[in-house]
Amino acid sequence: MIDMTKGSISKLLLMFTIPMFIGSVFQQLYNVVDRMIVGQFIGEKALAAVGASFSVVFLLIALAMGATMGVSVLVSQYYGAKNYKKVRLCVETSYLFMTVISLALMLIGFLCNDFILRQLNTPVEILADAELYLNTLFAGMFLFFGYNLVSAILRGLGDSSTPLYLLIISTLVNIVLDLVFVIYFQWGVFGAAFATIISQGVSFLGGLYYLQRINRLFRVNYWQLRFDREIFTRSMQIGLPSGVQQMLVAAGMMVLHRLVNGFGINALAAFTAAGSIDAFAMMPAMNLSMAMSTFVGQNIGAGKQDRVQGAVKAGLLMAASIASAVSLVVVFFSKWLLLIFTSEPAVLAIGRDYLHIVGSFYLPFMLMFIYTGVLRGAGDTFIPTLLTV
């Protein structure tokens, strides 16, 4: 067995993490570009309308992460064990499940959109725009889940570069379409949401093309997909607790949004802008956590458990260094970061207070992500879920 030093393990983790981090930056740009263009060219009411939808979108992201986490872990374990037949069967099963859950959520979203926003105490003057924005995103639910699934499969195979290249292209498409739809056609929040789902479709279809045409080992027939109950059950056992964990966070976010909405449009606009910055700040830890899951899953599948302990130490050191640097930037440059979204003085003042408080606590959050990533990669998601509860 090859001796893996602390330095070499750190390099391997970085090889997993850096492409995923860059990919997450571009993925976040979907929402951030929407908010930047809407806030700067339409106004704080439109920015607040997009922000009012955030907790619902966050819930959908949590569902997607839970639905695909189990797939990524199983693919990494089967691939590490060189059981390619099981890898292909896992891919086919996940395609079928993804189709059903995305269509079901699209229908539920259309039916419950107005009710959810009203329960979140969304200000009446932005309710129509918030509903329009969400309904447009719900219409593209299949593309949203599809992209996340394809990315999870590729990460499980240890390939984090291909999703990155596809995502960069689609993000550039999103930026161009945002400018065209919002500024030139003046479609408002609908244009921002429409640009987002088109761009997600680019990522999804590009990923499918890669899996089908380039990587022949995992080519599947879409008209003869097989559903394996055992793989589905194992995937849910691994992914569902993680999904529940993220959904609990999303539920807390929805309660918080209801409280923020009660303070008016300026507070909601500030929360929207500051929340975008906060999401960017947390991305390094989240990506490092996903890298830990993939690294641990592949090494457990290959029977090389001794590498896991070294990965934990390297991951904690990397997370602590990143957290310290990110906290300093967010706390001391909060005003300049917020100016990207708005120049309204009242909104800036509230947003700065938010970032000063949240930015001071990144270290414990980022260290937590390392441990949860290790546990997920080992297939043990009960403890992370229990801690979240």
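## Close-up views of a predicted model

The structure holds five cavities of 30 Å³ or more. The model shown in every view is predicted.

**View 1. The second largest cavity and its lining.** About 60 Å³ of space lies within the second largest cavity. Its lining consists of Ala67, Val71, Cys90, Thr93, Ser94, Phe97, Ile231, Phe232, Ser235 and Met236. Helices α3 (54–80), α4 (84–119) and α9 (229–261) each contribute at least two residues to this lining.

View 2. The space in the second largest pocket amounts to about 280 Å³. At least two lining residues come from each of α1 (6–41), α10 (265–301) and α11 (306–332). Helix α10 provides the largest share, six residues. The lining comprises 15 nonpolar residues, one polar residue and no charged residue.

**View 3. Ser276 in helix α10.** The side chain of Ser276 is joined to that of Arg35 by a polar contact of 2.5 Å. Beyond residues up to four places away in sequence, Ser276 touches Val32, Arg35 and Phe341.

**View 4. Arg35 in helix α1.** Arg35 has a relative accessible area of 5% and is therefore buried, being under the 20% limit. Two polar partners of its side chain are displayed: the side chain of Ser276, at 2.5 Å, and the backbone oxygen of Thr272, reached at 3.1 Å. When neighbours within four places in sequence are left aside, Arg35 is in contact with Leu47, Val50, Phe54, Thr272, Gly275, Ser276 and Phe341.

**View 5. Lys82 in the loop between α3 and α4.** Lys82 is a residue other than glycine, yet its phi is positive, near 60°. With a relative accessible area of 63%, Lys82 is exposed, because this value is over 50%. The helices on either side of this loop, α3 and α4, also supply residues to the lining of the second largest cavity.

**View 6. Gln186 in the loop between α7 (161–184) and α8 (188–214).** Gln186 is not a glycine, but takes a positive phi of about 55°. The relative accessible area of Gln186 is 65%, so the residue is exposed, the threshold being over 50%.

**View 7. Helix α14, residues 362–377.** Helix α14 has 16 residues, which at 1.5 Å a residue should span 22 Å; the C-alpha atoms at its ends are 23 Å apart, and the two values therefore agree. The buried residues of α14 are Tyr362, Met366, Phe369, Ile370, Thr372, Gly373, Val374, Arg376 and Gly377. Just after α14 comes Gly379, with a positive phi of about 85°.

Notes. Residues numbered from 1 in each chain as written. Predicted model: local features only at pLDDT ≥ 70, side-chain atom pairs only at ≥ 80, totals over all residues. Heavy atoms only, no water. Helix = DSSP H or I, 4+ residues; strand = E, 2+ residues; numbered from the N terminus. Expected span 1.5 Å × (residues − 1). Buried < 20%, exposed > 50% of the residue type's maximum accessible area, 1.4 Å probe, protein only. 1 Å grid on protein atoms, 1.4 Å probe; cavity = no way out; pocket = protein on both sides within 12 Å on 5 of 7 lines; lining within 4 Å. Points joined across faces, edges and corners; volume = space filled by probe spheres on them. Nonpolar A, V, L, I, M, F, W, Y, C, P; charged D, E, K, R; others polar. Polar contact = N/O pair within 3.5 Å; in protein donor to acceptor, adjacent residues only side chain to side chain. Contact = heavy atoms within 4.5 Å.
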